Every structure is written in C-alpha cells, then in structure tokens.
Amino acid sequence: MLITITIDGCEVSVPKGTSILEACRMHDIQIPTLCYDPELTSDGACRLCVVQIEGNHNLPPACRTTVWQGMVVQTQSPKVRAARKTILELLVANHPLDCMTCQKMGNCFLAEYAYDYGVTGEIYQGEKRKLPIDDGNPFILRDPNKCILCGKCIKACSQIQGKSILDYSFRGFNMQVSPAFNLPYNESDCDFCGSCVSVCPVGALTEKHMVGKGRPWEIKKVQTTCPFCGTGCNFDLNVKDGKVIGVTSNPDAPVNGKALCVKGRFGTDMIHSPNRLTTPLIKKDGVFVPAEWDEALDLVATKFQEIKNNYGADAIAALSSARCTNEDNFVMQKFMRAVVGTNNIDHCART
Amino acid sequence: MTNSINEIPNTKLMFVIGSNTTEAHPVIGTKMKQALANGAKLIVVDPRETQLAEYSDLYLRLRPGTDIALINGMMNIILANGWENRAFIEERTEGFDEKFLETIAKYPPEVASQITGVPVDQLVEAARLYATTDPAQIFYTLGITEHTYGTDNVMSLANLALLTGNLGKESSGVNPLRGQNNVQGACDMGALPNVYPGYQPIVSPAAQAKFEAAWGVSLSPKPGFMIPDMFEAAHSKNLLALYVFGEDPVLTDADANHVRKGLEALDFLVVQDIFMSETAKLADVVLPGASFAEKDGTFTNTERRVQRVNQAIKPIGNSKPDWEIICELATRMGYPFTYQSPADIMLEVASLAPQYAGVTHGRLENHGLQWPVLSCDHPGTKFLHEGTCTRGKGLFMPIENQEPNESPDAEYPFLLTTGRKLAHYNVMTRNSAALETYSPEELAEINPADAKRLGFQDGERVHVKSRRGELDTKIVITERVPEGVVFMTLHYLETPTNVLTNGAYDKVTKTYEYKVCGVQISKIS
C-alpha cells in the first residue's frame with residue numbers, strides 16, 4: 001500500500017511503514033545523519049535528521065518517524081537548520097580539530113555537515129578529551145577523542161557480526177565506546193572483522209594500514225570478489241598510484257553487504273608483498289635463474305611436446321587452481337584436453 | 001549450497017556438522033548469528049568445541065569420524081517417533097525400502113550413543129528439533145568430507161534431509177560450505193579428470209562429440225588422474241611432467257613427505273604461482289602469475305553465484321594474468337588460443353556449460369548471477385531442487401557406519417584432527433604482514449587432562465610424530481578439544497602439519513582423510 005506525503009513542497013508516494021528518512025533517500029532528498037545505517041536498527045541517537053512536520057510543535061527525527069497519509073514535511077526550514085546547527089556545534093565543541101592530518105578527512109560526515117551548516121567550533125569552547133589511542137593491534141586504530149558516540153559501531157558489532165564487543169562506558173562527558181572494562185581491542189574477544197570501522201562516520205575508527213597512504217579524492221575504488229574462502233564477499237579495493245592501499249566495504253555487495261572478515265578487510269596487503277614472484281625463473285644446475293617469458297614458455301612447450309611425443313599425452317598432468325578465476329580454469333582444462341590431449345587435470349576440489 | 005547465503009537469517013533451525021563456520025567462513029558465520037538473533041535454533045555437531053558451539057542450543061561432541069552412526073541414530077529416532085515427512089517421502093523420493101529401513105534399524109539411540117559418545121537425550125533432542133522445525137537447514141564442511149568415507153557421510157546427510165522433507169525450499173536444504181574462493185567455479189569449469197565443463201562426463205560419447213566439435217580436435221575418452229593418483233604415478237614413472245597452477249601440494253596435501261617424493265621423481269615440474277611456494281621450490285620452471293587484483297575474470301562462490309573479479313592494478317613486475325600464460329603455451333604447442341579477454345573466454349564457457357548458458361560478464365555487473373542460468377533472460381537460481389530434484393527423485397541410500405583408515409592405537413595414542421583458523425587462509429595469507437603479525441605461529445590444541453598427564457605447560461614446544469612424519473610445535477592447552485584429541489592447522493610452513501596426516505582417501509572422490517590419524521606427542525628433550 002502506498003502513502004502519499006509532501007516533502008519540501010513535492011508530493012511523493014512511498015510504501016506504508018516507510019520512515020521519513022527512507023522516503024527522502026528514495027527520492028534523493030538530502031538529510032544529514034550520523035547514527036543511521038540501512039543495515040542497522042535506528043535509535044535516533046544523533047538527532048541530526050530532525051525535520052518539521054506540519055501540525056507538530058517539536059522536531060522529530062526522520063529516521064524514527066513513520067510516514068502517514070497527507071503528511072507535510074519540511075527538511076530544510078530555518079527552524080530545522082538552526083536545530084541541526086546547534087547539534088553540530090555541540091558535537092564539535094569537544095572534537096579535535098586536527099582535520100588536516102586526520103585519516104578521515106574527505107570522508108568525515110561531521111566535517112561535511114559542519115561545512116554545510118557553517119559550524120567552526122568557535123561558539124562553544126568546550127573541554128577536549130585526552131584519552132589514550134588504542135593502537136595495540138595490527139588492524140584498527142581507535143581514537144576515542146574523535147568519537148561522537150553515535151553508537152553505529154556498537155550496533156554493527158552486535159547486529160552484523162553478532163559479537164557485542166563494543167558498548168558505551170562511563171557517563172556524561174566521560175562517556176566512551178570501548179570493549180568491556182575499557183580494554184584495548186587486542187585484549188578483548190574481538191574478531192577484527194572491522195564492521196565497526198566500516199560504519200564510523202568520523203575519524204574515531206580507521207584502518208591502521210591505510211593511515212597516511214592516501215586521501216579519498218586520490219583513491220580509485222574497484223569493486224571485486226574476495227580471494228579467500230568460498231563465501232564470495234565483495235569489497236572495494238582502494239587504489240592509489242597503481243597500488244592497492246587497502247580494502248573498504250561496499251554496501252551494495254550482494255552476499256555480505258558491509259560485513260567482511262579479518263582476512264578480506266585486512267589481508268590484501270599480500271598483493272604487494274616483497275615475496276611476490278616478478279619474473280619467470282628457470283632452474284639451472286639446481287639454482288633458479290631469471291628468464292624472459294619467451295625462453296621460459298618455449299622451454300615448457302618444448303618439454304611438454306617432447307614428453308607427449310615420446311611417452312604419450314597421459315604422461316603429463318596438471319593441477320589447476322581453486323584460487324584462480326573461472327576463465328583461468330577453463331583455459332587450463334582446455335589446454336590439457338585439446339592441446340596436450342589428456343584428461344589428467346584435477347584441483348583441490350575437495351579441500 | 002542448495003540454498004543462498006542470505007536465506008540463512010530467515011531459517012528456523014541450523015544443523016551445523018563438521019564446520020567451523022565462524023573461522024573458516026566468517027561472514028556465513030555472521031549470517032548464522034543473525035539467524036540466532038531472529039530466534040532460530042542451532043545444533044552444532046563437532047568433536048572440537050568451536051566458537052559456534054558456544055552459541056548453540058545443542059552441542060553434540062561426537063567422537064571424530066562417527067558421523068554416520070550419529071545421523072543414522074537420528075533417523076532411527078525420527079522414524080520411531082513418526083517425525084518423518086511421509087508426504088515428501090512419497091512424492092519426492094525413492095529407495096525408502098526395506099534395505100534402507102533395515103540399516104537404520106541397526107542404530108537405535110543406545111547403539112548410536114555408544115558409537116558416537118553422544119548421550120541419548122542429546123540425540124533425541126537433535127532429531128526432534130531438526131525433524132519438527134520448518135524451515136531447517138543442514139550445513140557441513142570438511143569435517144564431513146575429509147574422511148575415507150566422506151562421500152558416505154554426505155549421502156547420510158542427504159538421507160536425513162529427504163526423510164524430513166527439509167529440501168527444495170527457501171531457507172531449507174543441504175549446504176556444503178565450499179572452502180576455496182573459486183573451488184565451485186574450478187569444478188564447474190571442468191578442472192576435474194572425469195568431466196568436461198558443466199559436469200558433462202568424459203565417458204559420455206555425446207559429450208565427447210560435443211567438445212570435439214567445439215574445439216576441432218579429437219579428445220581422449222579416458223578419465224584422467226585424480227590428485228593422489230598423480231603422486232603415485234610420478235613415483236612409478238607413469239607420470240613424467242606436472243604443471244601445478246596456484247596450488248602448493250607440498251604443504252596442503254596429506255602425507256606431505258610422500259607428495260614431495262612424488263614431485264621429486266618427476267622429469268619436469270612447472271609451477272605457476274604468485275609466490276615461491278614450497279612446491280615451486282622443487283620446480284624446473286616457475287611462471288609468475290598475477291593476483292586477483294591484477295586481472296579480470298569471475299569467481300563462483302559456495303552459493304553458485306558467479307561474480308566479477310575486476311582488475312584494479314597492473315600485474316606486479318613482469319608477471320602476467322594466468323589465462324594469458326596458458327593461452328601462450330597452447331599457441332606455442334600448435335593450437336592457438338586467441339581469446340582477447342576473460343569476457344571472451346566466458347562466451348565459450350556459456351556456449352558449452354548449460355549451467356552457465358546465460359552468463360556473460362556484462363550481465364553480472366556488481367551483483368552476479370547464481371547458476372543454473374539457463375539462457376540470456378534467465379534470472380538465475382536462488383535455491384535448488386524446488387518441486388523436483390536434479391536427478392528426478394531424491395534417492396535414499398543405506399549407509400553403514402565405518403571406521404577411519406587409521407585410528408589411535410597403543411603406539412600412536414592421540415587422534416590428530418586438522419582445520420583452519422580465522423586469521424589465515426591456507427598458506428598464502430602468511431604473506432600479509434598484518435595477518436602474520438596477528439597470528440604468526442601454529443598453536444596445536446591439547447586438552448588440559450592430557451597436558452597434565454604429559455607434564456606440558458601452556459606455550460611449550462612439543463614433538464609430534466605419526467607413522468609418516470614428525471615436527472615440533474608450540475601448544476595451547478584448551479578444553480576446545482576433548483581428551484585424546486590434538487588439533488592443528490595447515491597454515492604454517494614452519495610446522496607443516498601434513499607431514500603427519502594420512503594419505504588414505506575416500507573411495508569415490510579421493511579426498512584425503514585429513515580429519516583423523518594417530519600421533520604420539522612427547523616433550524622435546
């Protein structure tokens with residue numbers, strides 16, 4: 001059943017049960033949010049998505065308000081913008097303004113909205129936090145000083161990963177998000193799936209190995225399929241200057257959404273491992289000697305042909321690869337069957 | 001998988017047997033935890049108390065290798081209580097005959113309990129929950145298949161699904177979680193000794209004629225060697241040359257010393273890989289392939305979803321995409337492979353493999369397609385066996401419990417079982433500095449009672465020996481493993497676990513028995 005509402009003077013129809021925020025997103029109407037994520041439940045914690053509804057005295061959060069027939073919504077009225085600006089002023093009051101060196105620069109929602117609403121941090125000169133940074137693990141940097149307490153990482157940990165490692169601790173100004181007993185990540189039961197990092201709207205949670213490696217506008221993102229287990233997660237390889245500098249979640253990934261595991265999110269640094277083979281090698285007198293492609297391929301082709309001629313095609317076999325692409329495997333089995341002339345082809349299909 | 005990964009959060013019951021899902025398939029593990037949050041029940045069957053077992057409603061710690069007795073026992077209980085799905089058996093199956101029922105009758109709960117070590121009340125509760133919850137799904141992995149009777153283990157699970165009608169529906173089926181990123185695809189592409197692409201049998205004259213016509217050459221009707229046969233044939237000089245592509249059998253195949261000797265006996269070994277693997281070190285020629293980030297193509301995941309692999313960077317150094325290397329070899333041997341791109345290769349796959357008939361790189365975009373994709377306008381297949389099974393009727397098979405090829409004895413009193421851990425994927429992830437820092441070494445798991453008896457301290461290095469090989473490893477003392485059982489992973493070349501494992505294999509698939517062998521453990525003097 002469709003409900004018709006009016007948003008900023010435009011009539012739109014959306015399914016019954018839709019929130020105002022979802023209705024706006026369906027119709028490309030921009031509403032700022034810090035705590036909302038379509039994969040997680042909505043708490044209305046940040047209040048940044050407040051809107052004005054005709055006939056209502058207060059400003060309800062769009063993420064927690066369901067549409068009704070005939071609803072008239074304003075998303076950019078002066079009252080709404082003033083309320084959002086105050087919220088942002090309060091968030092920025094105790095937020096470090098080291099944006100120039102912050103890894104999140106260019107991807108920071110707080111900075112983006114501060115820019116939009118003209119928030120400079122001058123109105124409320126608040127006390128700043130000086131909490132220790134959690135860098136005791138190889139994967140995630142946690143800077144609690146930058147945390148805006150939106151709670152998305154807490155929900156990602158419980159609702160996506162099913163672990164509930166993170167929660168709020170302490171009260172009032174001292175409130176933080178952390179593992180139990182305020183332990184560092186590496187002393188908690190964390191699996192390092194990095195779902196928390198994937199939803200953090202500010203620089204509180206970042207991928208450790210990407211720090212200093214590139215700014216968002218310099219990075220090309222290439223969606224691809226993870227090379228580890230058979231789940232088939234998709235993610236974005238982040239590429240700068242011809243080098244993969246890390247992995248970020250792609251929310252449109254058909255199998256996994258934002259979820260990944262420690263290997264997929266943090267293990268692709270093996271692409272640029274110094275141990276990579278970079279040239280063909282031919283063993284001469286027991287020692288590998290670098291060779292040109294032509295020399296190596298000619299040698300393999302000649303040896304295979306010789307063995308085939310002298311001993312028959314069945315004296316040659318191939319182990320294909322469950323790690324490589326369908327296309328690689330197709331040409332490999334065709335090579336063995338149609339060129340060498342044997343069905344001696346297998347791979348670790350059962351392991 | 002008969003079903004899709006995103007059907008998991010909506011299932012009502014998960015029967016997980018021989019799968020350490022949260023470590024070996026972590027994101028599928030998260031989907032299972034989401035199902036639990038939605039109110040689903042979870043039964044975990046495993047000798048080792050996995051992380052998933054901690055989340056379970058019912059954890060059945062069976063003796064390693066007694067899965068058939070457990071499943072037959074559950075079916076005995078289901079039949080005794082009338083929990084079977086008579087309508088499904090009548091309409092959708094065959095083989096539900098006296099011979100099948102006689103076999104099941106041999107496994108009353110007390111007998112099944114005695115063989116498996118699982119208390120009768122747990123067997124009854126598992127049977128009741130699985131048979132009376134709808135939809136219910138089975139998940140299994142290598143804990144089922146890596147036995148000398150792995151095929152029989154799988155058929156037992158199929159029996160259980162058929163008996164209860166938990167098949168051919170949304171969120172209900174039999175779901176093997178495939179281990180490698182493209183093991184499904186490599187099988188689909190016919191990188192197997194007995195089938196052409198699309199599982200068309202080598203021994204079928206019609207299939208042979210089809211591929212001969214497509215490729216313009218005559219093809220051998222003789223099925224080829226499976227992996228264990230290759231090493232045997234190399235030993236006996238019936239196999240002289242081997243082309244190993246993206247695998248490291250020296251570390252990953254069972255009875256590694258035997259594998260190494262087989263490789264050393266070859267006249268000519270070519271290895272194509274992205275790293276200097278232990279196998280590559282033995283090669284005559286090493287060809288540098290490109291990693292997944294450096295080439296285009298597709299992987300097919302465990303739910304049959306064909307997905308794009310997109311080139312992000314140029315091949316490192318002088319390496320080349322693997323398909324290009326193979327094409328160049330074919331051309332040099334007098335049969336030009338003239339594909340212009342992986343998309344071009346997929347056009348030929350689609351023309352030959354019926355499951356891929358409607359797959360093109362263009363159609364896959366960023367969401368992929370689940371096979372069978374029967375034509376260019378076919379949407380793909382979310383779950384299998386709806387209305388009818390692929391073979392027609394589901395076939396009940398009478399399966400008897402069997403013993404592993406090598407069980408612990410007086411000389412080798414510990415049972416070694418092997419698997420993976422969360423931080424690593426086989427042997428390649430050791431090249432990730434981040435993962436290597438996090439998880440740098442093997443930690444063999446041993447039960448506190450055994451450790452106490454042998455005088456071992458947590459973190460001590462000990463000596464492990466089997467009939468085939470020996471090594472030293474650090475240990476962790478944990479109740480995750482039962483008394484008498486040791487668990488090790490295959491990830492570390494410094495601790496090459498497969499020198500210990502047994503090279504005996506399943507009679508049909510020739511899968512090694514990685515999950516059970518006898519070892520002795522002693523202090524390092």
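**Notebook: chains A and B**

I began with the surface of chain B, which exposes about 17,900 Å², with carbon and sulfur atoms supplying 52% of it. I note here that this is a predicted model.

**Chain B, overall**

I looked up the secondary structure of chain B and found 20 helices and 23 strands. The radius of gyration is 24 Å, close to the 24 Å from the globule rule for 525 residues, so chain B is as compact as a globular protein of that length. Along the principal axes, the C-alpha atoms of chain B fill a box of roughly 65 × 65 × 45 Å. I then checked burial: 65% of the 525 residues in chain B are buried. For contacts in chain B with a separation of 6 or more, I noted that 69% come from residues 24 or more positions apart. I also looked at charge: chain B has 46 positive and 64 negative charges, and their mean positions are 2 Å apart.

**Chain A, overall**

I repeated the list for chain A. I found eight helices and 15 strands there. The radius of gyration of chain A is 27 Å, well over the 20 Å given by the globule rule for 351 residues, so chain A is more spread out than a compact globule. The box filled by the C-alpha atoms of chain A is roughly 90 × 50 × 35 Å along the principal axes. Of its 351 residues, 59% count as buried. In chain A, residues 24 or more positions apart make 57% of the contacts with a separation of 6 or more. I put down about 14,500 Å² for the accessible surface of chain A, with 53% belonging to carbon and sulfur atoms. Chain A carries 37 positive and 37 negative charges, and I noted 3 Å between their mean positions.

**B:Glu303**

Next I went to single residues. Where is B:Glu303 found? I located B:Glu303 in the loop between strand 12 (297-300) and strand 13 (305-309) of chain B. Is B:Glu303 buried or exposed? Its relative accessibility is 1%, and buried means under 20%, so B:Glu303 counts as buried. I looked for a side-chain partner and found B:Arg305, joined to B:Glu303 by a polar contact of 2.8 Å between the side chains. Leaving out residues up to four places away in sequence, I listed the residues that B:Glu303 touches: A:Val255 from chain A, and B:Met1, B:Asn3, B:Ser4, B:Ile5, B:Asn6 and B:Gln370 from chain B.

**Helix 13 of chain B**

I then read through helix 13 of chain B, residues 227-235. This helix is mostly covered, with seven of its nine residues buried. I wrote down the buried residues as B:Ile227, B:Pro228, B:Asp229, B:Met230, B:Phe231, B:Ala233 and B:Ala234. Just after helix 13, I noted a positive phi of about 65 degrees at B:Lys237.

**B:Pro321**

My last stop was B:Pro321, in the loop between strand 13 and helix 16 (322-332) of chain B. B:Pro321 has 10% relative accessibility and therefore counts as buried. Which residues does B:Pro321 touch, not counting residues up to four places away in sequence? I found B:Ala290, B:Glu294, B:Lys295 and B:Pro315. I also took the C-alpha separation of B:Pro321 and B:Pro342, which is 9.9 Å for two residues 21 apart along the chain.

Notes: Residues numbered from 1 in each chain as written. Chains lettered and ligands numbered in written order. Predicted model: local features only at pLDDT ≥ 70, side-chain atom pairs only at ≥ 80, totals over all residues. Heavy atoms only, no water. Helix = DSSP H or I, 4+ residues; strand = E, 2+ residues; numbered from the N terminus. Rg over C-alpha atoms; globule rule 2.2 N^0.38 Å. Buried < 20%, exposed > 50% of the residue type's maximum accessible area, 1.4 Å probe, protein only. Contact = heavy atoms within 4.5 Å. Areas by Shrake-Rupley, 256 points an atom, 1.4 Å probe, with all protein chains shown as cover. Lys, Arg positive; Asp, Glu negative; His and termini not counted. Charge placed at Lys NZ, Arg CZ, Asp CG, Glu CD. Polar contact = N/O pair within 3.5 Å; in protein donor to acceptor, adjacent residues only side chain to side chain.
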